[in-house]
Amino acid sequence: MEAASKLDVEAIRADFPILQRKIGGRPLAYLDSAATSQKPVQVVEAMRRFTDHSNANISRSVHTLGAEATEAYEGARAKVAAFIGAPSPDEVVFTKNSTESINLVAYAFQNATIDPAADPRFKLGPGDEVVVTEMEHHANLIPWQQLCLRTGATLKWIGITDAGRLDVESVDDVITERCKVVSFVHVANLLGTVNPTSQITARAREVGALVGLDASQSVPHIPVDVTELGVDFIAFTSHKMLGPTGIGALWAKAEILDAMPPFLTGGSMIETVSMERTTFAKAPAKFEAGTPPIAEAVGFAAAVDYLDELGMENVRAHEKEYVSYMLERLETVDGLQIVGPRVPIGRGATVSFTLEDVHPHDVGQVLDAEGIAVRVGHHCAKPTCVRFGVNATTRASGYVYNTHEEIDRLVDALGQVRKVFR
Amino acid sequence: MNLDELYQEVILDHYKRPRGAGLREPFEGESHQVNPTCGDEITLRVHVDGDRVADVSYDNVGCSISKASASVMYELVKDAKVDDALARMAEFTELMNSRGQAEGDEETLEDAVAFAGVSKYPMRVKCALLGWMAFKDALVRASATGAGRQ
């Protein structure tokens, strides 16, 4: 059944106790990993081991536990950095999540704009432009939109074709000499589209703009190498890649981090402090004010270990095969309309759809009664919904632990939905 | 989970054949409410004549629970005294917050007792209350314009 998969899905499932749960007497079919993934025992155990054995605050205590905790935290940073091909661990800033990572960059622009001594690349004003796409998660739209409203810069966006792809033909028109920063989604959370990056990054370079990626839905699912991508920054989050909630990351080139003013200030991010002035520590400490999520960093690193063990090329191959099956089976459901690419090329294993005029809330409720967990609603991507003329969608998303049988159950249950609301 | 308990016949009937739908004139108060988690929306108008709710008209998009609830509400409050309509709202809200512990009084709540099962689904309670929130807000707006309760 999993013939084409490069992963031993049954062995993987054994590492995720939650997948043994029954919902309303039926085995859980968890098809909501695009919202948050489940965590293997290895992640939970690593966090427990750290908490039971080495817990202390970092970078400030000379005692043994303090040293162990610092080593664990910085070791986690190095693992995460290596996972995305970052040239140095110091280019990885731990944050709360992708949303905070993107806000960190947006606020660097805002703070630079009001600081006469700041790097001019980060200064925005009327006439300057910021570019996103129409398929952003709100996390990579609203920080930029609000930044533009506050600074007088103009927000522009690359549109979406009817097939659910970026309108790359418009790239040269949308990204102009006035553009200071382009921030776009790598893999779209509602449509599942994997965006080609080279044309946009090349155009951004041509006009001298900084360029970054919301990689929340790509780092967990496909091999990501920041050097190969040739971007200035990426944002991603632990909880979508088998790790705990409460920790995410911003990767940015060392030179960019140096030029960026800090977003949050306070403890742990300083060099010297007087009552009047402060000089800041070097990145990444400059961006990590306050006690960070230490046990979560340990869990994040354990998740990276787990994915490394599986091999990201294998994860990609599994999901490519999986989405082929999802699309093929879902297309057999009467009245089902896929929102996003209908072919398993250049897309991840996240499939949004509508079912005639049955509201996604009702679809989700009937599926839940069958033990099937999907996401319903606008998926924090309202402009994408508007683009496709829908109020909300139902979204099924697969990951390393999902089986064909779960898709079969989904398809059967969608037949039930039509019966209830006919 | 027993789906039939949630999607009772009477709910599905109101969903498929909503009563009193569409926006009408005259009206003294209008309210627009959204449920940001699912994108459900309702625009609702009230026409108050003296101490009575002379009409409630609405246009909505949403799930079966929110659409059926607006339809049931229309039947409960149209031509009712404003005070009685508000009492029905309090009663219905209490039923929705009962976490499956209350059955509702069919004498006063009529078809709305079918929503008792919804109270077991915390994610859906907001859907059932969306129309009522709009009704309450529209009444406040109507009284602000001088109509309604003297």
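# A tour of chains A and B

Select strand β5 (residues 129-133) of chain A and strand β7 (residues 179-185) of chain A: the two pair in the parallel sense over 3 bridges. Strands here are DSSP runs of E with at least two residues, helices are runs of H or I with at least four residues, and both are numbered from the N terminus. Two strands count as paired if DSSP finds at least two bridges between them. Strands of a sheet pair through backbone hydrogen bonds, either parallel or antiparallel.

This is a predicted model, in which local features need pLDDT of at least 70 and side-chain atom pairs count only at pLDDT 80 or more, while totals for chains, interfaces and linings use all residues. Residues are numbered from 1 along each chain as its sequence is written, chains are lettered from A and ligands numbered from 1 in the order in which they are written, and side-chain values use heavy atoms, with hydrogens and water left out.

**Stop 1: the sheet in chain A**

Now widen the selection to the open sheet of 7 strands, whose order in chain A is β4-β10-β9-β8-β7-β5-β6, with mixed pairing. Which strands are the edge strands? They are β4 (92-95) and β6 (154-158) of chain A, each of which pairs on one side only. From one strand to the next, the twist averages 20°. (Axes are lines fitted to C-alpha atoms, for helices over the stretch in contact, and angles run from 0 to 180 degrees between N-to-C directions.)

Next select helix α4 (residues 98-113) of chain A. This helix lies across β4, β7, β8 (210-214), β9 (233-237) and β10 (248-252) of chain A, and runs at about 150° to β9(A). Contact means heavy atoms within 4.5 Å.

**Stop 2: a cavity beside α4**

Keep α4 of chain A on screen. Both α4 and β10 of chain A supply at least two residues each to the lining of the second largest cavity. To show the lining, select A:V105, A:F109, A:F122, A:L210, A:F233, A:L250, A:A252, A:I256 and A:M260. (Ala, Val, Leu, Ile, Met, Phe, Trp, Tyr, Cys and Pro count as nonpolar, Asp, Glu, Lys and Arg as charged, and the others, Gly among them, as polar.)

The volume of this second largest cavity is about 30 Å³. On a 1 Å grid over the protein atoms alone, a cavity is a set of points where a 1.4 Å probe fits but cannot get out; a pocket is an open set with protein on both sides within 12 Å along at least five of seven lines; lining residues have an atom within 4 Å of a point. Grid points are joined across faces, edges and corners, and a volume is the space filled by probe spheres set on the points.

**Stop 3: the sheet in chain B**

Move to chain B, which has 6 helices and 3 strands. From the N terminus on, its elements run α-α-β-β-β-α-α-α-α.

The 3 strands form an open sheet in the order β1-β2-β3, with antiparallel pairing. Its edge strands are β1 (29-35) and β3 of chain B, each pairing on one side only. β2(B) and β3(B) pair in the antiparallel sense over 9 bridges. Pick B:T43 to find the residue opposite, B:D59 in β3(B). Then select α3(B), which lies across β2 and β3 of chain B at about 170° to β3(B).

The largest cavity is lined in part by these elements: β2 (40-49), β3 (52-61), α3 (64-77) and α6 of chain B each supply at least two residues. Its volume is about 40 Å³. Among the lining residues are B:D40, B:N60, B:K67 and B:C127. The lining divides into 4 nonpolar, 3 polar and 3 charged residues.

**Stop 4: the largest pocket**

Show both chains again. Where is the centre of the largest pocket? Of its 21 lining residues, A:G364, A:D368, A:V374, A:V376 and B:M123 lie nearest the centre. Two or more lining residues come from each of α12 (360-369), β15 (372-373) and β16 (375-377) of chain A, and from α6 (122-144) of chain B. The pocket holds about 710 Å³ of space. Its lining divides into 10 nonpolar, 5 polar and 6 charged residues.
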